[in-house]
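Welcome! Please take a look at the sequence and the model below, and then follow this short briefing through them.

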Amino acid sequence: MQDTLKNIVSEAEAGLATVKSRADFETVKARILGPKGSFTQVQKGMGQVPPAERPAMGKLINETRGKIDAMFTVALEQIVDAELASRVGPAVDVTLPSPDTECGSLHPLELVRQEIIRIFRKVGFTVAEATEVETEHFSFDALNTPPEHPARSEQDTYYFPTERIFSNVTKKGKEAYMLRPHTSSVQIRTMLAEKPPLRIISPGRCFRRDTTDATHSASFHQVEGLYVDKHVTVADLKAVLDYFIRELLGKDAKTRFRPHFFPYTEPSFEVDFSSAHLAKLGKQWVEILGCGVVDPTVFEAVGYKDVTGFAFGMGIERIAMILYGVEDIRYFYQNDARFLKQFS
């Protein structure tokens with residue numbers, strides 16, 4: 001029996017030495033380990049071995065099976081490596097990324113965000129960012145928004161439950177936390193951290209309890225701007241926004257200011273723009289943003305003295321809809337590759 005097992009190992013070695021393909025490998029394996037293979041027949045013959053010799057013979061058979069299995073494992077790995085090398089060639093590093101992988105592109109809202117930042121950076125504005133979870137002080141109190149203002153109601157703003165940990169104890173009592181309804185809170189945080197002169201824009205995500213439709217979303221993006229220095233006037237505000245609109249929409253674009261009300265600016269304005277392509281749509285003027293001169297009460301809340309300034313704010317989605325001719329804001333959030341590829 002011992003000589004027979006040695007012959008089987010030699011047979012396996014000789015057979016695997018001639019293997020060049022997976023088919024050859026399976027043929028040799030069947031001849032040795034298949035149902036009618038030479039090693040299988042030896043295992044079946046264990047019943048004829050005297051009981052006293054079975055332990056030693058069983059040990060020898062197991063050791064032989066281990067040698068044969070190891071030989072077949074090595075042979076199979078060599079075949080797999082040879083097949084892979086034949087497909088990709090020996091000069092290719094298969095651990096590198098595939099060269100034909102399709103590259104992604106920036107989301108249209110990110111493209112508009114970067115363009116707005118680029119335009120304002122050319123006239124000295126820097127980017128400021130802050131947390132998306134805010135307190136009532138930074139979102140409303142410091143911005144001269146009175147307690148009875150509709151924006152502070154739970155119908156408009158996403159408050160965290162005050163009975164949980166999301167509350168801030170102040171001199172006035174418990175102050176609720178919320179998802180910020182605008183990026184104006186970034187202006188307050190920046191003014192508390194830095195001294196004037198100050199020239200910033202604050203792009204970011206905002207949240208309001210709006211019913212989603214073609215022009216509204218509960219989650220959206222804003223860019224707000226703030227310029228603080230001595231002797232800043234409405235003329236400076238108009239000059240900056242005229243420059244921005246022309247850079248964004250073309251040299252023929254014009255702006256007009258309409259009186260409006262915002263709690264944190266006085267006077268306040270809505271800004272409309274007009275350009276040649278609007279005539280094709282049957283329109284003359286389209287609203288694009290809000291702005292105004294910063295209310296002195298806001299400067300008092302941050303400890304600024306003897307300065308003036310202006311602020312403005314716009315929705316990135318609204319700008320994108322105007323630039324790209326998109327009629328439904330929901331298209332930006334549906335992750336439809338057919339829509340998004342148009343902007344790549």
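A nonpolar core is a set of buried Ala, Val, Leu, Ile, Met, Phe, Trp, Tyr and Cys residues joined through side-chain atoms within 4.5 Å. Buried means under 20% relative accessible area, exposed means over 50%, and partly exposed lies in between (1.4 Å probe, protein chains only). This is a predicted model, in which local features need pLDDT of at least 70, side-chain atom pairs count only at pLDDT 80 or more, and totals for chains, interfaces and linings use all residues. Residues are numbered from 1 along each chain as its sequence is written, and side-chain values use heavy atoms, with hydrogens and water left out.

**The nonpolar cores**

- The largest nonpolar core has 41 residues, and the members that touch the most others are Phe120, Phe244, Ile288, Leu289, Phe312 and Met314.
- Elements that give two or more residues to this core include helix H5 (108-121), strand S6 (219-229), helix H8 (234-249) and strand S10 (308-315). Helices (H or I, at least four residues) and strands (E, at least two) are DSSP runs, numbered from the N terminus.
- H8 gives the most to this core, with eight residues.
- Leaving aside neighbours within four places in sequence, phenylalanine 312 is in contact with residues including Phe120, Phe125, Ile201, Leu241 and Cys291. Contact means heavy atoms within 4.5 Å.
- A second, separate core has 21 residues, among them Leu16, Ile32, Met46 and Met71.

- The buried residues of H5 are Pro108, Leu109, Val112, Arg113, Ile116, Ile117, Ile119 and Phe120.
- In H11, the buried residues are Ile316, Glu317, Ile319, Ala320, Met321 and Ile322. They pack against H5, S6, H8, S8, S9 and S10.
- Just after H11 comes glycine 325, with a positive phi of about 70 degrees.

**Aromatic rings**

- The structure holds 15 aromatic pairs. Rings of Phe, Tyr and Trp (its six-membered ring) pair if their centres lie within 6.5 Å; planes under 30 degrees apart count as stacked, over 60 as edge-to-face and the rest as tilted.
- Phenylalanine 257 and phenylalanine 269 make a tilted pair, with 5.1 Å between centres and 45 degrees between planes. Phenylalanine 257 belongs to strand S7 (residues 254-262) and phenylalanine 269 to strand S8 (residues 265-274), twelve residues apart.
- Is phenylalanine 269 buried or exposed? Phenylalanine 269 counts as buried because its relative accessibility is 14%, whereas phenylalanine 257, at 21%, counts as partly exposed.
- Phenylalanine 339 and phenylalanine 343 form an edge-to-face pair, 5.1 Å centre to centre with 70 degrees between the planes.
- Ring pairs also link Phe120, Phe125, Tyr227, Phe244, Phe310 and Phe312 into a cluster.
- Arginine 199 lies over the face of phenylalanine 125, at 5.8 Å from the ring centre, and its charged end sits over the ring of tyrosine 227, 4.4 Å from the centre. A charge sits over a ring if NZ of Lys or CZ of Arg is within 6 Å of the ring centre and within 35 degrees of the ring normal.

**Cysteines**

- How many disulfides does a search of the whole structure find? It finds zero, where a disulfide is a pair of cysteine sulfur atoms within 2.5 Å.

**Backbone details to find**

- A cis peptide bond joins proline 196 and proline 197, with omega about 5 degrees. Proline 197 lies in the loop between helix H7 (184-193) and strand S5 (198-207).
- Another cis peptide bond joins glutamate 266 and proline 267, with omega about 0 degrees; proline 267 is in strand S8.
- Histidine 231 is not a glycine, yet has a positive phi of about 65 degrees. Histidine 231 sits in the loop between S6 and H8 and counts as exposed, at 72% relative accessibility.
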